[in-house]
Amino acid sequence: MALTVDKKYDENKNMWILKPVGEIDIYTAPEFKDILLDIIKEKTISIVIDGERLEYIDSTGLGVLISGLKKLKEKDENIIIKNMKANIKKLFSITGLNNVFIIKE
Amino acid sequence: MLKDSIKMIIPVKPEYVSVVRLTASSIASRMGFNIEEIDDIKVAIGEACSNIIMDNTKEDIDIEVEFLLYKDKLTIKIDDSEKNKCDKEINSSSIEEMKDKELGLFIIKTLMDDVDCMNEEGINKIIMTKEIGVVENGYRNE
């Protein structure tokens with residue numbers, strides 16, 4: 001399964017909304033990184049990642065999220081992750097990344 | 001006692017990691033692992049493949065993955081690059097500072113019941129094992 005990423009700008013909340021559909025792994029992570037860094041460059045504001053249709057993420061994908069977060073933190077902005085599937089939530093919890101990102105149900 | 005073994009050889013390219021993951025989850029499902037265990041195996045094998053790919057600059061080598069199916073456990077043997085010895089200690093104090101590769105190894109060690117490394121005929125291997133439903137009270141933990 002490949003990866004597509006829906007992105008939109010929420011004017012009311014002044015946030016990016018990213019909805020990855022599919023898998024973020026060593027094959028698709030570079031593409032995800034390009035998208036993430038592009039929107040941060042365009043507008044450095046907080047990003048909501050909607051995980052409703054994210055089926056899988058690996059350490060390379062987590063690395064991309066961490067590098068995005070580092071850039072946002074410089075401007076006091078954040079990455080909020082919501083609707084994560086159980087298997088992905090487990091990965092965040094064993095790595096402790098659930099305390100690094102803002103996780104919402 | 002070993003029941004069966006399945007071997008696959010893939011080019012050292014990112015696009016084939018998902019093929020190994022799918023194969024691993026199909027084997028694990030056939031053996032009777034529950035969904036959470038299958039996911040653990042899938043993530044661990046994916047990380048092992050990614051580590052090798054990240055270490056290798058040559059494109060002409062292959063990754064060999066061997067699944068050893070026992071009645072109550074699945075052992076996966078996979079080539080490892082020399083740079084990424086699986087007995088390497090993970091020193092980073094925080095997850096955020098870990099390199100992708102260290103993070104991968106950390107994930108493998110957390111999700112699998114046993115992780116070992118060995119040198120077989122000059123090739124470094126990671127050997128990881130997952131037991132079916134770790135039993136605490138005589139019943140399968142589901």
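Between chain B and chain A there are four salt bridges, a salt bridge being a side-chain nitrogen of Lys or Arg within 4 Å of a carboxyl oxygen of Asp or Glu. The side chains of B:Asp40 and A:Lys90 meet in one such bridge, at 2.8 Å from N to O. The model is a predicted one, in which local features need pLDDT of at least 70 and side-chain atom pairs count only at pLDDT 80 or more, while totals for chains, interfaces and linings use all residues. Side-chain values use heavy atoms, without hydrogens and water, residues are numbered from 1 along each chain as its sequence is written, and chains are lettered from A in the order in which they are written.

Across this interface, 25 residues of chain B are in contact with 19 residues of chain A, contact meaning heavy atoms within 4.5 Å. About 1900 Å² is buried between the two chains, with carbon and sulfur atoms giving 63% of that area; buried area is the accessible area (1.4 Å probe) that two parts lose on being put together, summed over both.

Over all chains, the whole structure holds 10 salt bridges. Within chain A, the side chains of A:Glu52 and A:Lys19 meet in a salt bridge at 2.9 Å, N to O.

Within chain B, the axes of helix H1 (residues 17–31) and helix H2 (residues 35–55) come within 9 Å and cross at roughly 150°, where axes are lines fitted to C-alpha atoms, for helices over the stretch in contact, and angles run from 0 to 180 degrees between N-to-C directions; helices are DSSP runs (H or I, at least four residues) numbered from the N terminus. That angle makes H1(B) roughly antiparallel to H2(B), a term for angles over 145 degrees.

Note on methods
Helices (H or I, at least four residues) and strands (E, at least two) are DSSP runs, numbered from the N terminus. Angles under 35 degrees count as roughly parallel, over 145 as roughly antiparallel, 65 to 115 as roughly perpendicular and the rest as oblique.
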